[in-house]
Structures are given as C-alpha cells and as structure tokens.
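Biologist: Please show me the structure that we are to discuss.

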Amino acid sequence: MSESIPSADSPAPVVGYVLKMYPRFSETFVVSEILAREAQGEQIVIFSLRPTTDSRFHPELARVKAPVVHVPRPSSATRLWDALSAGPASGVAEAWEELRRHSHDDAAQAVAVARLAREHGVTHLHAHFASVATTVARLAGRIAGLPYSFTAHAKDIFQQDVDPTDLKAKLADAHHAITISGYNLADLRRRFPEATDTLQLVRNGLELERFPFTPDRARGSDPARVPRLLAVGRLVEKKGFSLLIEAVDVLRSRGVDVAADIAGDGPLAGDLTAQIDRLGLDDRVRLLGPLTQAEVSARLGTDDVFVAPFVVGSDGNADGLPTVLLEAMARGIRCVAADVTAVGEVVVPGETGWLVPSGDVGALADALADAVQEAVAESPVHDQMVHRARALVEEHFDSRRQAAALRALVPVERTAAPVGGAR
C-alpha cells in the first residue's frame, strides 16, 4: 500500500477513516467503499485503533492507496498522561470532562487521532460501526475541531448491550450519519426521532466488475451430481448455520440429496462440527474455514444455491444486509435467505429469491428443496429470478453510486487548525 501523505495545503477534503481494526478479513465492504471513493478522486487516510489479528487478507487490499496509521494505545499511567498531553491543549481542555467519562484507551486514542488527523491534513472523520470507532472519532473531532460522521450497520445498533443514550448522542453530534438499509433507517428514526435529522441511507456497494453475472450453473458431464449449497459468514449465532445443518438432515430424510459447504471461521466452529458428527452428515456438510472474496466469488459462480439462514441472536444481534448475499445475487446463483432486518429489501419471494421465516427449519428445507429442483431442472421461470436479482444489485448496490453519495455528504470547507495552533 502506498504511504504517501495528502498535503495539508490541498483544497480538497481529506477523509480520515477511523476503524477499530484494519484490515479485517470479514469487513470486505470497508475495502470496497474506500476503493470506490479513491477511484472518484477522494483522498483517504486510515486510522486503525487495533492491530489486525487476521492471518489471511483479500488481494484487493493491495489496491488501496490510503496510508494506514496505527493509533497507539497507552500501556501505563505514565504513557496515558503523555498521550493526553500530546494533543492540542485547547481541544483537550474543552473535551476534558467528556474524556474522563470514557475508558483510558478511548480517551488516549481520541487525542492521538486528533493529533494525527491534523498532521495528515484530514478535514473530516468517518467511522464504521456506532461503537468504539465512532466513540473515538466523535471525541477526536471535538478535540481537533473536525466534523465527523459514521456508518451504522447491525450489531452496533441492535445488540442488547448498545447504550441508547450513547447512540443518541453520537447521532445528534455527527455532521451526518449513514445507515445501510431502509429497515435500519426507519428503526433509528423511530427510536431517536430528535437525533436523526441528518441520518442518511447509503447502501453498501459492490465493484460489480469483480462479480460477473453467470446464471448458467455448469453441471458438467454428470447431470446426476449432488446439488451444492453454499453458505458464507462468521461462525456465530446470528448466521443461523446450525439451522442449515438441520435442514440438510431434513432433506436427507425426504430423499433429497444435497451437499452443503459453510465458509468462514468463528467461535461456533466446534459446536457446528459436533452437530455435523451427531447427525452423521460428515459426507454431506463441510466447514471450509475462511475463504477470500475471490474464492467465494468463484464458488458463487459454480454452486447451485446460496443459503443465508439468518436468525436474531439471543443477545439481540442480527445481520443487517450482509455483503456476501449481494455478491451471490450479483453472480447469478439462486438465493434462499431468512427474513431478518433488511433481507426482505433484496430477497423478494418469487421475484429475486426464496425468503423464509427466520428460525423455521421446515420452511428452510422446503425452500432449499424447491431451489435445488429448479436449479437442476434449469427452470426458465426461475432463471428470471436471478436476472431480476442481478438487476436489483446493479440499480441499488453499485459502489460507484455509493461513493458519489458519500462524497456529496462530506463538507468541503476546512475547519481544522494546523498542528501547533492556538493553545
């Protein structure tokens, strides 16, 4: 990645992305967004609050031009004081009472981001997820005299431990806030009517050229091969992968033979493996581990049905609108998904895919059997589904459209003083 630093004298806005961790294997949408904005000429600087813990990376990272700045965390009281003292004195003094109400990590990193933002000529801060990254961006913006914005996704607004007072303050103080679906937009406006005047809907985008439309599932020379199901995501409760394993067992009991692969990693790997063993599905369900976006795209171009059996977690956590579902629709694979949050905005029953009630294994099995039958038969009626799904993604989820919308929201004027300004 290039380490060139934008000039502080440049008249163009410079957007500082504040991210809890960068790069992060599961957050492909962040990389796609940055690439799209850079392609339209925007200057970006990335501030990573935590070192990455991932061992695999997507090749698209090499195309990101933005410098990546790793924000230090103090390891002792002395270093905490040094970190706080290193910030712009007037800004730290003004924000002192609020800094004291936050953890020492958040306070120190906010001061560091404020200083680093000035050094890199940043004119606007933007965070992803309304949690720690937005906490730091909000405080840093106040210290440095910079406007901030953030994108709200799912866990950061739906999980039970989200503090509504904190979220309301972030929405109210932001230059603007963004969320990724109509469902989220309506939900946040209902919960925080007085703090969402600047809340905007900007859907996540795909670089569509990386997801070519291939509706013909090449069944090769063996038309009798077992139909292949694919599911992708972190191995966590809200993805509902245990329901997919149950549904495969139900299909087997009905004499419907399918093979299911689940790509991803996470804390439930052991539980899912045990479930597969208990049901005797070792020859029909595989856990593949994490795949790159290119590897997932290749599978989406050859497998028969994509499955997204989402549930609302016991802690209230639910998926918003996972990027991989949009990628599947773009590639032309038949999609079966469970109806949580915004999924029904893209998977429209009988139009773009099969939408089933969340948590209903029987309904999931029924939909999978129907989708598999249609895939094997190469039904012209259902072929229209994948064409409509691709058209929907092209119309609403093109990363170029997303980047243009985000750019239009960023204030043009510079508000930050240079480093070493009034103290």
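Modeller: Questions and answers on the sheet and the aromatic pairs follow.

Modeller: This is a predicted model, in which local features need pLDDT of at least 70 and side-chain atom pairs count only at pLDDT 80 or more, while totals for chains, interfaces and linings use all residues. Residues are numbered from 1 along each chain as its sequence is written, and side-chain values use heavy atoms, with hydrogens and water left out.

Biologist: Which residue of β11 is the bridge partner of L229?

Modeller: Strand β8 (residues 228-232) and strand β11 (residues 305-308) pair in the parallel sense over two bridges. The bridge partner of L229 in β11 is V305.

Biologist: How many residues apart in sequence are the parts tied together by F29 and F129?

Modeller: Rings of Phe, Tyr and Trp (its six-membered ring) pair if their centres lie within 6.5 Å; planes under 30 degrees apart count as stacked, over 60 as edge-to-face and the rest as tilted. F29 and F129 form an edge-to-face pair, at 6.1 Å centre to centre and 65 degrees between the planes. F29 lies in helix α1 (residues 28-39) and F129 in the loop between β4 (124-128) and α5 (132-144), so the separation of the parts in sequence is 100 residues.

Notes. Pairing = 2+ DSSP bridges. Helix = DSSP H or I, 4+ residues; strand = E, 2+ residues; numbered from the N terminus.
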